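Please take a moment with the sequence and the coordinates below before reading on. The paragraphs that follow lead from a single side-chain pair out to the whole chain and its domains.

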Amino acid sequence: MPTTKTIESLLEHNQAWARRRVEEDPQFFKRLLGLQSPKFLWVGCSDSRVPANEITGTEPGEIFVHRNVANLVVHTDINLLSVLEYAVTQLKVEHVIVCGHYGCGGVLAAMRRNSFGVLNKWLRNIKDVYRLHEADLEACPDEPARARLLVELNVREQVLNLAKTSILQKAWKYEHRPVLHGWVYGLENGLLKPLVTMQPGHDLHPLYRYEDL
Ligand code: CO
């Protein structure tokens, strides 16, 4: 959807929004200034059509957000790891949500053989998910079905990638939190669909389980 908004209009909107917030609740910003204690960490796609706060009805202060192309959890990504460490260890979130979406450009690009420059290295992670689940994906009746399944499998793998980190395993062992969730969002209907839930202490493949945390 092409936007008619100008850069100036964003700032104007912001002024009106801040004013309205204070009118509705004079303590709104003062309260947030003191402390942020979100219960949720969101790992979602950068796609502009999947705004974490809006689709979940969460207010400022309620959800800690990390977004990247195709909602990946890559163990060498210092950005993701910093967000995860801070959210889990300091903010003590109770839930971590990985949210993918059907029609994800990153996932679709990973299914093709075009080169996208530096993005190739990022998308390679999704190609690995494809290779891991090749039999199921090849069994799909057509390309759209295959793309939808890959979006779902990608979410599941990223949830598993969270569970493989020592950050998560430590929090599970000593504080029995957070719960991990894999969701997928439908661009066509605006609905979130839960795919997978992983409780603290989930039985991981032994190779990924650290015993000396
Ligand atoms: Co996307």
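Which residue does the side chain of D128 meet in a salt bridge? The partner is R124, with an N to O distance of 2.7 Å, where a salt bridge is defined as a side-chain nitrogen of Lys or Arg within 4 Å of a carboxyl oxygen of Asp or Glu. Both D128 and R124 belong to helix α6 (residues 119–132), in which they sit four residues apart, about one turn of the helix. In general, side chains of opposite charge can pair when their charged atoms come close, and the structure holds eleven salt bridges.

Some conventions apply throughout. This is a predicted model, in which local features need pLDDT of at least 70 and side-chain atom pairs count only at pLDDT 80 or more, while totals for chains, interfaces and linings use all residues. Residues are numbered from 1 along each chain as its sequence is written, and side-chain values use heavy atoms, with hydrogens and water left out.

The protein contains nine helices and five strands, these elements being DSSP runs numbered from the N terminus (helices: H or I, at least four residues; strands: E, at least two). Read from the N terminus on, their order is α-α-β-α-β-α-β-α-α-α-α-α-β-β, and the C-alpha atoms fill a box of roughly 55 × 50 × 30 Å along the principal axes.

An automatic or database domain assignment divides the protein into domain 1 (1–35) and domain 2 (37–208). Their C-alpha centres lie 29 Å apart, and the contact between them (heavy atoms within 4.5 Å) takes five residues from domain 1 and four residues from domain 2. Together the two domains bury about 320 Å², of which 62% is on carbon and sulfur atoms; buried area here is the accessible area (1.4 Å probe) that two parts lose on being put together, summed over both. R21, L32 and L35 supply 76% of the area that domain 1 buries against domain 2, more than any other three residues. Across this interface the rule finds one salt bridge. R21 also forms a salt bridge with E59, their closest N and O atoms being 2.6 Å apart.

The metal site lies elsewhere in the description: the protein donors of the cobalt ion are C45 (SG), H101 (NE2) and C104 (SG), at 2.1 to 2.3 Å from the ion. Donors are N, O and S atoms within 2.8 Å of the metal (3.2 Å for Na, K and Ca), and water is not among the atoms, so sites may look incomplete. The donor residues follow the spacing C-x55-H-x2-C in sequence, and distant parts of the chain are linked by C45 in strand β1 (residues 40–45) and H101 in strand β3 (residues 95–101), which are 56 residues apart.

Two backbone features remain. Most residues other than glycine have a negative phi, and most peptide bonds are trans. N71, although not a glycine, has a positive phi of about 45 degrees, and its place is in the loop between β2 (63–68) and α4 (78–90). The peptide bond from R177 to P178 is cis, with omega near -5 degrees, and P178 lies in the loop between α9 (166–175) and β4 (179–185).
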